[in-house]
Amino acid sequence: MDIKIIKTENKKSKPQGALGFGKYFSDHMFIMEYEDGKWGNARIQPYQPLTLDPSSSVLHYAQGIFEGAKAYKDKNGKIRLFRLMDNLNRMCDSAERLCMPVFDKQFVYDAIKQLVLLEEEWIPSDEGTAMYIRPTMIATEAALGVHASKTYTFFVIVGPVGAYYANGLKPVKLLVEEHYVRAAKGGTGGNKVIGNYAASMKAGELAKAEGYDQAMWLDAKYHRYVEEVGAMNIFFVINGVVYTPELDGSILPGITRRSAIQILKEKHIKVRECKVDIRKVAEAAENGTLTEVFGTGTAAVISPVGQFGYQGKDYVVNGGEMGEISKMLYDKLTGIQSGKYQDKYSWVDIIKE
Ligand code: PLP
Ligand code: COI
């Protein structure tokens, strides 16, 4: 399939000052449609609103999925994509879970590469910034019956981003959510589906109202085992061992999580993917053996956690400061992404020399 390119005649002005996250979008987008059992009409076109029938299934039954990836530009103008094929693999897993069509991953990879290169001037190069890439697929069939849609739209929008959390690398405060759950076994927690995020908002807002940044989720059955955080996977360092919840279907298999585990193992730091009991974490915080907590995510990168609230009590981690392991991971990961360190893992695709 060829990609038609329709260039904009009205380029937007670039943002000045702090970028924040997800506020600015570039001049063009990639889009294609699925109809009669196949994808077609692939094009890069000016960034613009979608036209949707008000009865489109995505609006009523949340048959929609998305991904988040990043492109980086270094001071010499080299542009790198980080593990984008992993995102597209995960997106196809999400598609299968929601009875949506998969797509030719290499075709979409190349389309995104083309879009990123066209929007090159939108990629920021300051430390801690990147171009965020948001592939999305939605069900567009105009029908209110609950069934898998027969038509879909796939699109990719991109834009410059800085830190996900308003305070940048300053450790975040999390509130352990004991009542609401994000995902249960057999549900869609292990996939990047839009409904997961709608279901998570209540607890996120409650946490914010109490002065925390986000909720930390527990498992749906026992309300005892840590799952993840709003937009990141979570790690705990206890007695020098790094613990992270095992992937058991209700947690998103994070690409940053997987990268962090690989870096840790290579540094001969012990990593355990297992059930993480929040009571044991609180105990470890109390007896001083919990030395670090951090989250991992494309948007969040490596986000230190300086405090968490559980059962009405607040636990401060590492004096509220970013710990050594988190710093090492942040440096290594962003170093590989920005080209400061050699990429011996083949995670990076240099798309412009
Ligand atoms: N968990 C959730 C719920 C997320 O939304 C994200 C972000 O994509 C992550 C974890 C981290 O995944 P990744 O490292 O692939 O970005
Ligand atoms: C990402 O890290 O790319 C995400 O998708 C998180 C997002 C929900 C803000």
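Predicted model: local features only at pLDDT ≥ 70, side-chain atom pairs only at ≥ 80, totals over all residues.
Residues are numbered from 1 along each chain as its sequence is written, chains are lettered from A and ligands numbered from 1 in the order in which they are written, and side-chain values use heavy atoms, leaving out hydrogens and water.

Tyr132 also reaches the ligand: one of its polar side-chain atoms is 2.6 Å from an oxygen atom of ligand 2. Ala299 takes part through its backbone, with a polar atom 2.8 Å from a ligand 2 oxygen. Ligand 2 exposes 290 Å² when taken alone, and the protein buries 90% of that (accessible areas by the Shrake-Rupley method with a 1.4 Å probe; for residues, only the protein chains shown count as cover).

Now look at the whole shell, meaning residues with a heavy atom within 4 Å of the ligand. Its members include Phe21, Phe66, Arg134, Tyr164 and Ala231. By class, the shell holds seven nonpolar, two polar and two charged residues (Ala, Val, Leu, Ile, Met, Phe, Trp, Tyr, Cys and Pro count as nonpolar, Asp, Glu, Lys and Arg as charged, and the others, Gly among them, as polar).

Zooming out, ligand 2 sits in the largest pocket, with more than half of its atoms within 2 Å of the pocket's grid points. A pocket is an open set of points on a 1 Å grid over the protein atoms alone, where a 1.4 Å probe fits, with protein on both sides within 12 Å along at least five of seven lines; lining residues have an atom within 4 Å of a point. This pocket holds about 940 Å³ of space. It is lined by 46 residues, and among those closest to its centre are Tyr164 and Ala231. Helix α4 gives the largest share of the lining, seven residues.

The second largest pocket has a volume of about 630 Å³. Its lining has 31 residues, with Glu127, Gly128, Thr129, Tyr330 and Thr334 closest to the centre. Here α7 gives the most, six residues.

Methods. Polar contact = N/O pair within 3.5 Å; in protein donor to acceptor, adjacent residues only side chain to side chain. Points joined across faces, edges and corners; volume = space filled by probe spheres on them. Helix = DSSP H or I, 4+ residues; strand = E, 2+ residues; numbered from the N terminus.
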